[in-house]
Amino acid sequence: MAGIYIHIPFCKQACYYCDFHFSTSLKNKDEMLIALKRELVLRKDELNKEQIDTIYFGGGTPSLLTIDELRMLVDIVFENYEVVEDAEITLEANPDDLTSEKIKELAKLPINRLSIGIQSFFDDDLKFMNRAHSAEESKKCLTEATKYFDNITIDLIYGVPNMSNEKWLSNLKQAFDFNIPHISAYALTVEEKTVLHKLIKTGKVPPVDENLALKHYNILVKETEKRGYVNYEISNFGKLAYFSRHNTSYWLGYNYLGIGPSSHSFNGFERSWNVSNNTKYIKALLADELPSEKEQLTEINRFNEYIMTGLRTIWGVSFQKVEKEFGAMYLQELKKSAERHIESGLLEIELRSFSGKVLVTTKKGKFLADGIASDLFKITS
């Protein structure tokens with residue numbers, strides 16, 4: 001099984017924290033759609049006829065596309081790839097795009113999962129982030145979306161300066177009130193070259209407080225657990241049967257094809273990525289050329305990536321898999337490196353029925369998983 005990610009590089013406006021590739025101008029939208037279509041056709045054999053289990057429209061803001069434009073892209077995938085009957089097809093969307101009429105039309109497409117960028121149910125937070133929608137639009141869109149879609153995830157952001165614990169708890173409770181079966185919650189991070197980075201650097205807004213983010217994360221874990229959500233990846237909380245199949249395929253190392261400017265692809269041993277420039281991307285595809293670069297992953301690269309993704313998820317790092325794919329020396333070094341984190345209560349070893357001994361982060365260690373993983377990386381051969 002494999003997945004297809006389609007990057008739609010357009011947004012109404014730039015969120016202050018975002019460093020993804022996008023444009024706020026739609027003037028090249030028609031040419032971009034032609035280019036996306038051509039890339040899908042040109043690359044149809046790259047996955048070696050693997051069945052497509054997931055299709056994900058990300059961005060940017062894919063919900064800016066019309067119903068006909070989305071239908072065209074879905075049809076191109078179905079015409080050129082073998083898509084399984086129950087494929088998960090996700091559309092990222094912003095609340096201000098999801099009018100009642102658009103939701104009804106989306107429900108008629110093969111799209112069966114919505115990922116809605118709520119971020120907060122409070123207008124002052126949305127203004128701080130420079131989001132295009134209001135809190136009222138969030139509530140209206142969820143009221144309508146839940147009438148037509150069962151499989152919905154929302155994004156929320158915590159660790160926002162001046163966001164109290166009570167305010168964060170209110171955000172979560174509003175999500176629970178809508179019976180949203182999946183929540184992706186992210187700590188506010190400051191990326192270079194973003195407006196947020198500049199605002200903090202110039203003292204116009206307070207810096208991000210990691211202690212506040214940790215408090216919010218602990219509230220998040222506690223409240224979702226009480227309501228039957230599984231924290232199956234650091235930032236992702238889903239009811240059973242509502243885990244993101246597409247994102248899970250990334251974390252479990254399945255193959256995927258990235259279509260569109262800035263998107264990445266992976267086939268197990270090689271990673272490729274498209275140019276992060278709309279004009280260059282369109283020009284290349286209109287000439288039937290692929291605007292991408294590739295890198296061959298070394299054994300050390302693959303091992304480190306497995307450690308990073310494994311420790312972020314409930315599936316952990318399998319000792320059996322490490323020994324089988326990388327050798328006994330890798331396993332020996334991993335066990336030695338993990339010792340101090342096990343002693344400090346950040347990691348533990350669990351015995352699983354199918355995969356044997358598995359190294360996982362504890363509740364105490366989960367928020368620190370990325371830092372722990374870097375300590376376990378193999379640096380040299």
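Predicted model: local features only at pLDDT ≥ 70, side-chain atom pairs only at ≥ 80, totals over all residues.
Biologist: Which residues touch the most other members of the largest nonpolar core?

Modeller: In general, nonpolar side chains of soluble globular proteins tend to be buried together. The largest nonpolar core here holds 78 residues. Those that touch the most other members are Ile6, Leu106, Ile116 and Ile154.

Biologist: With which residues is Ile116 in contact, leaving aside its neighbours within four places in sequence?

Modeller: Contact requires heavy atoms within 4.5 Å. With neighbours within four places in sequence left aside, the partners of Ile116 are Ala93, Pro95, Leu98, Cys141, Leu142, Ala145, Ile152, Thr153, Ile154 and Asp155.

Biologist: How many residues does the other core, which includes Ile307 and Phe326, contain?

Modeller: This core lies apart from the largest one, and Leu311 and Ile372 are also among its members. Ile307 and Leu311 are buried residues of helix α11. The number of residues in this other core is 19.

Biologist: What span should helix α11 have, and how far apart are its end C-alpha atoms?

Modeller: Helix α11 covers residues 299–312, which is 14 residues. The expected span is 1.5 Å times one less than the number of residues, so α11 should span 20 Å. The separation of its end C-alpha atoms agrees, at 20 Å.

Biologist: Which residues does the cis peptide bond join, and what is its omega?

Modeller: Most peptide bonds are trans. The cis bond in question joins Gly59 and Gly60, and Gly60 lies in the loop between β2 (52–59) and α2 (67–80). Its omega is about 25°.

Biologist: Is Gln119 buried or exposed?

Modeller: Gln119 belongs to strand β4 (residues 113–119) and has a positive phi, near 70°, without being a glycine. A residue is buried under 20% relative accessible area. Because its relative accessible area is 7%, Gln119 is buried.

Biologist: What is the phi of Ser262?

Modeller: Ser262 is in the loop between β9 (255–259) and β10 (264–266). At 18% relative accessibility, Ser262 counts as buried. Although Ser262 is not a glycine, its phi is positive, about 75°.

Biologist: How is Ser134 classed by its relative accessible area of 23%?

Modeller: Ser134 is placed in the loop between α4 (123–129) and α5 (135–148). Leaving aside neighbours within four places in sequence, Ser134 is in contact with Asp123 and Leu126. Residues are buried under 20% and exposed over 50%. With a value of 23%, Ser134 is therefore partly exposed.

How values were computed
Residues numbered from 1 in each chain as written. Heavy atoms only, no water. Core = buried A, V, L, I, M, F, W, Y, C linked by side-chain atoms within 4.5 Å. Buried < 20%, exposed > 50% of the residue type's maximum accessible area, 1.4 Å probe, protein only. Helix = DSSP H or I, 4+ residues; strand = E, 2+ residues; numbered from the N terminus.
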